[in-house]
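Please keep the sequence and the 3D view open while reading.

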Amino acid sequence: MSTDYRPMWKDLGLDLEAHDALLGVLGSLYEQTFLTQRDRPDGMKYFDFVMSEVHGLRIQELMEARKQGRKVVGAFCAFVPEEIVLALDGILVGLCAGAEFATPEAEKYLPRNTCALIKGFFGFALARVCPYLAASDVVVGENTCDGKKKSYEIFRDLVPNLHVMDLPQTKSAEGRALLRAEFVRFAAHLEELTGRRLTADALRQGIATVNAKRAAMHRLARLRGADPAPISGLDGLLVNQVYLYDDPVRFTGSVNAIGDELEQRIAQGRGVTPKGTPRILISGCPMAVPNWKLPAIIEGSGAVIVGEESCVGERGTQNLTADTGRTLDELMDAIVDRYLTIDCAIFTPNPSRVEHVLSMVRRTGAHGVIHYGLQFCSPYLIEAGPVERRLEQEGVPTLRIETDYSQEDVGQIRTRVESFIERLRD
Ligand code: BJ8
């Protein structure tokens, strides 16, 4: 970052010293993990730039948009409908913290056996190091797992502008009605905040913008099915992570530019690893920036990751929203229907998730699945057993990894991943 953003960070109330320390760690981790990869697509330079400016230029853009009267909505979950935010001229940014920070402070508010993701966003808030949180006019918390649901009761005292969205636990008619009512209540909250009225035209435009972004991701996901893989899994994950922060129109253009380049690479038979390299699909808990531990181990052990069944991945981006509705009600119905297809493990039962994993395995030509569960995440850790059994029954080798954000178990995980990759080579 060449510009001095410190005055902006100071105005946002960040703790400059702690923030410097965070950026220092993030910068060197990024360099070691991403910039040492070989033969990356040229289009990844855009994403390198975005990451180098993730607390700088992007925050400056958000602050300029706020000066012009736009509102910034911070979110922790794939269930927050970006279509509605855009229709009310807002900007949606992801807040999930993918690193441990100020954990002892977070543990003054939360039990130690809380998942790393929840402790992460508490730590970031308590240490005042997240400019996205500080720049948000409203923060949306959603009642998904018990951990998030109960922690928002406490988080409410740490951020002044929390809007809690209730979510169904079943995909029943009653569940759908609840989700619809909550989306309507969310829209009303944003209408009040922005002083705008939600209209069918604006919502249709919001749907078009988000659909274009998702369609670009679907294209990238299809291209990752080629053998040799034209892009690494780390870079594929990075694109999915930037999806949550970037301007949606600019992001769509950048992903499509990568798509053009990957098509050329595929036509030339050019890959980031040789043809026949063991191919792995990751499934499970979301991996927010800078959670690159497991993918770095997998690719450092000689495999290539060809997809992520995750909310920072295809669970979050699959399925477009139908745009044929004429009225506001019809468009709102289409949005509810699309979001209700998200296969989060908080749903009971959740049979479509494993079907999605299987369809991804077939489409990407994955040789095996690594199920990633964060310690203390009951929904995904409990679902991991049935997912593993079903995949193995279908002849798909599966490895379950349970971990957190620390580096202490890297050696142990590497040993397990290496022997799993050997199993795939047999
Ligand atoms: S839609 S996956 S983004 S809730 S890891 S906090 S589940 S204990 S993140 Fe998620 Fe929305 Fe579902 Fe997706 Fe709880 Fe598990 Fe922690 Fe989790």
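## The sheet of β5 to β8

In this predicted model, the strands β6, β5, β7 and β8 make up, in that order, an open sheet of 4 strands with parallel pairing. The edges are taken by β6 (304-309) and β8 (398-403); each has a single partner strand, so one side of each is left without a neighbour in the sheet. On average, neighbouring strands here are turned by 25 degrees against each other, direction ignored.

Strand β5 (residues 279-284) runs parallel to β6 and is joined to β6 by 5 bridges.

Strand β1 (residues 72-75) pairs with strand β3 (residues 138-143) in the parallel sense over 3 bridges. A75 has V140 of β3 as its bridge partner.

How is the chain divided? Domain 1 covers 6-201, and domain 2 is made of 204-320 + 344-425. Taken over C-alpha atoms, the centres of the two domains are separated by 22 Å. Domain 1 puts 47 residues into the contact, and domain 2 puts in 55 residues.

## Packing of α3 and α13

Two packed helices are described by the angle between their axes and the distance between the axes. For helix α3 (residues 44-52) and helix α13 (residues 248-268), the angle is about 145 degrees and the axes are 9 Å apart.

On the α3 side, the contact is made by M44, Y46 and F47. On the α13 side, R250, F251, S254, V255 and I258 take part. By class, the residues of this contact are 6 nonpolar, 1 polar and 1 charged.

## Cavities

Rolling a probe the size of a water molecule over the atoms shows where empty space is left. The structure has 3 cavities of 30 Å³ or more. The largest cavity holds about 190 Å³ of space. It is lined by 15 residues, of which H55, C96, F124, Y245 and V289 are the closest to its centre. This lining has 12 nonpolar, 3 polar and no charged residues. Where does the largest cavity lie relative to domain 1 and domain 2? Both domains give residues to its lining, so the cavity lies between them.

The second largest cavity has a volume of about 50 Å³. Its lining consists of F76, L95, F121, F124, A125, C130 and L133. By class, these are 7 nonpolar residues, with no polar and no charged ones. Helix α7 (residues 116-127) gives the most to this lining, namely 3 residues. F124 belongs to the lining of the second largest cavity and is also among the residues closest to the centre of the largest cavity.

## The second largest pocket

The second largest pocket contains about 770 Å³ of space. Its lining comprises 34 residues, and L29, T33, W292, K293 and A296 lie nearest its centre. The lining divides into 17 nonpolar, 11 polar and 6 charged residues.

Which helix supplies the largest share of this lining? The largest share comes from α2, with 7 residues. Each of α2 (16-35), α14 (293-300) and α19 (410-425) supplies at least two residues of the lining. Domain 1 and domain 2 each contribute at least three residues to the lining of this pocket.

Note on methods: Residues are numbered from 1 along each chain as its sequence is written. This is a predicted model: local features need pLDDT of at least 70, side-chain atom pairs count only at pLDDT 80 or more; totals for chains, interfaces and linings use all residues. Side-chain values use heavy atoms; hydrogens and water are left out. On a 1 Å grid over the protein atoms alone, a cavity is a set of points where a 1.4 Å probe fits but cannot get out, and a pocket is an open set with protein on both sides within 12 Å along at least five of seven lines; lining residues have an atom within 4 Å of a point. Grid points are joined across faces, edges and corners, and a volume is the space filled by probe spheres set on the points. Ala, Val, Leu, Ile, Met, Phe, Trp, Tyr, Cys and Pro count as nonpolar, Asp, Glu, Lys and Arg as charged, and the others, Gly among them, as polar. Domain bounds come from an automatic or database domain assignment. Two strands pair if DSSP finds at least two bridges between them. Axes are lines fitted to C-alpha atoms, for helices over the stretch in contact, and angles run from 0 to 180 degrees between N-to-C directions. Contact means heavy atoms within 4.5 Å.
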